[in-house]
Amino acid sequence: FRDVPLQVLLGFGLLVAFLGRYGPGGVVISILIVSFAIQWAVLIQGFLYFFHNGKIYMGALSMVGADFCTAAILISTGAVLGRVNPVQMLLLALLEVILSTLNEYILLSLMGVSDSGRSLTVHIFGAYFGLMVSRILHQPHMDKRKRENQQDTGHLDVFAVVGTIYLWIFWPSFTSATTVHDNAEPWAALNTYLSLVASTVATFILSPVLYEERIPRMVQIQDATLAGAAVMGMAGEMLVTPFGALIAGFLAGLISLLGFRFFTPVLRSRLKIQDTCGVHNVHGIPGVLGALLGTLLTLLATADTYGERLEFVFPLVAQGSRTAADQAFLQLCALPLTLLLAMIGGCLTG
């Protein structure tokens, strides 16, 4: 529980500090958003999950759930940072907490989807919600001037250094917070850590080729770390194997860099979406890749391969009320459903 709020406050908060003019203000707004969203998420989630006999019962799980929801909000704010004021940020949080909690309730409670590290409900939902808000807020003349003020500056890389260190230390706990079981290996933490190291190596390999720099900037390492963690959101507690986690993390690191180099300009010029912090490349695409990987791994969910862990990861499959193929189909259906809710919610909020 302690690691999750540290990750939300420090990892996500310092992520936006590299922006020249908006960096310090972005950190301040992140603290404001966290303070507000946690309280609101405790209430909204309480009515759905922890409401008994006319009261909301609170515990460590309710606070961890609120932190997960807050992480989705911070991802969304990264897409519109520097273009909205704090009051508008609070309005975004007010509406997104409701929709994010509804999406999580449909996926995890009603459909029985396994998404322990929140590839769907945090990374994908937060990224595409924020991107649609950014699209609705598009103003050509204002956006051109503000892009000049949002350029990253080298002297603020120290914030990215600290943020990256916290991401490395605490993200395995973030991914495995809901998968802690007695006498069970922490697969989610181990797979996430392997994915982190692979995505970072991918950045050191590809960055000099794309940007003609001998050493990658710390912001690029930070983005690779986020992408490597996002790809393990759903698949982390599944039977990825160490080799599979390394391959997935390596691909996520490559996708993140290629997205910044080639896809972000297309978003800005063709789709009129200004993505201030690049959430599409570090959360959106790696999150989608993680959801597809989790769907493939679900097909392998048998008692022979998982043993006693099958009851923890796929309880309905272990009970015999659902086959592995049925579970994989629902895991796959959860992806377009999340995208639909995020995009509609983002449009309405924008």
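What share of the contacts in the chain with a separation of 6 or more comes from residues 24 or more positions apart? It's 81%. Keep in mind that you're looking at a predicted model. The chain is built from 15 helices and two strands, and buried residues make up 53% of its 350 residues. Here's a quick tour, helix by helix.

**Helix α15 and its surroundings**

- Start with α15, which covers residues 324-349. Its 26 residues reach 37 Å from the first C-alpha to the last, close to the expected 38 Å.
- Quite a list of α15 residues is buried, including A324, Q327, A328, Q331, A334 and L335. Further along the helix, T338, A342, G345, G346 and T349 are buried too.
- Those buried residues pack against four other helices: α4 (86-110), α5 (119-136), α11 (279-298) and α14 (315-319).
- One of those partners, α11, has 20 residues and spans 27 Å between its end C-alphas, close to the 28 Å expected. Of its 20 residues, 15 are buried, so α11 is largely enclosed by the rest of the structure.

**Where α3 meets α4**

- Helix α3 (residues 60-80) packs against α4 at an angle of about 135°, and the two axes are 10 Å apart. That angle makes α3 oblique to α4.
- The crossing of these two helices is right-handed.
- On the α3 side, the contact is made by C69, A72, I73, S76, T77 and V80. On the α4 side, look for M89, L92, A93, E96, V97, S100 and T101.
- Sorted by class, the residues in this contact are eight nonpolar, four polar and one charged.

**Where α8 meets α10**

- Helix α8 (residues 187-211) and helix α10 (residues 242-269) pack at about 35°, with their axes 7 Å apart.
- This crossing is right-handed as well. The contact of α8 with α10 has 17 nonpolar, seven polar and one charged residues.
- T192 sits in helix α8. How buried is T192? Its relative accessible area is 0%.
- Setting aside neighbours within four places in sequence, T192 is in contact with W171, P172, T175, A229 and M232.

**A look at W168**

- W168 belongs to helix α7 (residues 157-176).
- Once residues up to four places away in sequence are left out, W168 touches Y193, L196, V197, T200 and T225.

**Two loop residues with positive phi**

- Which loop holds R118? It's the one between α4 and α5. R118 has a phi near 65°, a positive value in a residue other than glycine.
- R118 is buried, with a relative accessible area of 7%; that counts as buried because the cut-off is under 20%.
- T241 is also not a glycine, and its phi is positive at about 75°. You'll find T241 in the loop between α9 (218-230) and α10.
- T241 is partly exposed, with a relative accessible area of 38%, whereas R118 is buried.

Conventions. Residues numbered from 1 in each chain as written. Predicted model: local features only at pLDDT ≥ 70, side-chain atom pairs only at ≥ 80, totals over all residues. Heavy atoms only, no water. Expected span 1.5 Å × (residues − 1). Buried < 20%, exposed > 50% of the residue type's maximum accessible area, 1.4 Å probe, protein only. Contact = heavy atoms within 4.5 Å. Axes fitted to C-alpha atoms, helices over the stretch in contact; angles between N-to-C directions. Parallel < 35°, antiparallel > 145°, perpendicular 65-115°, else oblique. Left-handed = near helix turned anticlockwise from the far one by under 90°. Nonpolar A, V, L, I, M, F, W, Y, C, P; charged D, E, K, R; others polar.
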